[in-house]
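My notebook is open, and here is what I looked up today. Have a look at the sequence and the model first, then follow along.

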Amino acid sequence: MSGKTISRIGVMTGGGDCPGLNAVIRAVTKTAVFQYGLEVWGIEDGFLGLIRNRIHPLSTDDVSNILTRGGTILGTSNKADPARYAVGKDADGKPVFEDVTNRVIEHIESCKLDVLVCIGGDGTMTGAAGLTKRGVRCVGVPKTIDNDLLHTEVTFGFQTAVNTATEALDKIHTTASSHHRVMLVEMMGRNAGWLTLHSAVASGADVILIPEIPYQLEVICEHCLYRSRHGKAFTIIAVSEGARPEGGKQVIDRVIQDSPDPVRLGGVSEVLSRQIAEATGLECRATILGHVQRGGTPVPADRVLATMFGHKALELLLAGKFNEMVVMQQGQITSVPIESVAGQQRLVPLDHPLIAAARGTGATFGDKPAKH
Ligand code: F6P
């Protein structure tokens, strides 16, 4: 496929949905048709559409009126890696995996797709990196509410999720102060604390628990008791689903055997709520925000970012820069090799200025930071 000129582009969205995916699909399709006179075909449900040959032409009418819509008009899947696709179960009920890359390549060729625009997170980039090794030309566009993709300062979807989580924290404030309770709010983000950190600082949470900084239960309890003894009869705790105690483990909600990234975190806020209530005698409640954080109309900043990322993807493939993923670095949109992103996570660095600002304004991360 590598020597061919481009006339038909395939576009797909993979992994968990997030606000702004439709804005990228729209930008890719409109730029391809209006600016470069190319055809775009939509691939349904991420790599699953390539495996099952569910691929169809996409017109500019199909992508009209979707800029503000959450989710993805193409559908998505976070289970279908062509190199390790679950084709059934063995006698013990465990999934049996097969490499179906050849089938995927047949479908790409039969639909005459010259290049794929793969919009997704690290799982999708891992799948795309596998295809590039087999000669498929791909350009990656990074998405995720977790903001944890390597080499890019920001992914679209993140700002909308921060908005949603901040609104939730703001609303929880009312009940916390009226009932003099400790209120825990659990956020998504897998092993990265970006979403929790940003929304916690935006809403002035009192305790911020992120995976990068293991917590000590005693420190959290002391903070809650100190507040209640000093006139603040409530505490708001923003906690990442991936937070864990010092020397302890993350709380796993479920394991999805046929998913390339099988572990789903969740439930730490409920565990902590019981522990804090028992240790302090304070009344505690936990709220898990869950998939609400992935929904809704993208905020303007995400629509703008998604449109610029989609447009840049077209520029890259027209310039013959294949197997690259669009990124934002120092405020500039540029690109890096897809394989340098695959299977990696960008965590919050411990010297991030937002951590210092949160500590400076009185929040605790549940640790005992060194005194300066
Ligand atoms: O990566 C996005 C994300 O929403 C994570 O924050 C979360 O851990 C995970 O996906 C949930 O996955 P699922 O939709 O499969 O439950």
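Is Arg359 buried, partly exposed or exposed? I found Arg359 partly exposed, with a relative accessible area of 28%. My scale here calls a residue buried under 20% relative accessible area, exposed over 50% and partly exposed in between, using a 1.4 Å probe and protein chains only.

**Ground rules.** I am working with a predicted model, where local features need pLDDT of at least 70 and side-chain atom pairs count only at pLDDT 80 or more, while totals for chains, interfaces and linings use all residues. I number residues from 1 along each chain as its sequence is written, and side-chain values use heavy atoms, with hydrogens and water left out.

**Entry 1: salt bridges.** I stayed with Arg359 and looked for its partner. Arg359 forms a salt bridge with Asp367, and the closest N and O atoms are 2.9 Å apart. The term asks for a side-chain nitrogen of Lys or Arg within 4 Å of a carboxyl oxygen of Asp or Glu. Asp367 is buried, at a relative accessible area of 12%.

How many salt bridges are there in the whole structure? My search found 14. One of them joins the side chains of Arg190 and Asp261 at 2.8 Å, N to O. Arg190 sits in the loop between E8 and H6, and Asp261 in the loop between strand E11 (252-255) and strand E12 (263-265), so this pair ties together parts that are 71 residues apart in sequence. For the element names I use DSSP runs numbered from the N terminus: helices are H or I with at least four residues, strands are E with at least two. Arg190 is buried, with a relative accessible area of 18%, whereas Asp261 is partly exposed at 36%. I also noted that Arg190 and Asp261 belong to a network of salt bridges that links them with Asp122, Asp146 and Asp148.

Next I checked Arg227 and Asp206, whose side chains meet in a salt bridge of 3.1 Å, N to O. Arg227 lies in helix H7 (residues 217-229) and Asp206 in the loop between H6 and E9, so parts 21 residues apart in sequence are tied together. Both ends are buried: Arg227 has 13% relative accessibility, and Asp206 has 10%.

**Entry 2: the sheet.** In which order do the four strands of the open sheet run? I read E9-E10-E8-E13, with parallel pairing; two strands pair if DSSP finds at least two bridges between them. Strand E9 (207-209) and strand E13 (284-288) are the edges, each pairing on one side only. The twist averages 15° from one strand to the next. Such angles run from 0 to 180 degrees between N-to-C directions, with axes as lines fitted to C-alpha atoms, for helices over the stretch in contact.

I then followed E8 (residues 182-187) and E10 (residues 235-240), which pair in the parallel sense over six bridges. Val185 has Ala238 of E10 as its bridge partner. Helix H5 (residues 158-179) packs on the sheet and touches E8, E10 and E13, its direction making about 165° with that of E8. Helix H6 (residues 194-203) also packs on the sheet, touching E8, E9 and E10, at about 170° to the direction of E9.

**Entry 3: Met183.** Met183 is buried, with a relative accessible area of 5%. Leaving aside neighbours within four places in sequence, its contacts (heavy atoms within 4.5 Å) include Ile172, Ala176, Ile237 and Arg285.

**Entry 4: helix H8.** Which residues of H8 are buried? I listed Val268, Ser269, Leu272, Ser273, Ile276 and Thr280. They cover an arc of only 130° around the axis, which puts them on the same side of H8; the arc is that of the directions from the helix axis to the C-beta atoms. What covers them includes E8, E9, H7, E10 and E13. The face turned away from the buried side carries the exposed residues Arg274 and Glu278. Just after H8, Gly281 takes a positive phi of about 80°.

**Entry 5: positive phi in loops.** Asp45, in the loop between strand E2 (39-43) and helix H2 (47-52), has phi near 55°, a positive value in a residue other than glycine. His151, in the loop between strand E7 (138-142) and H5, has phi near 75°.
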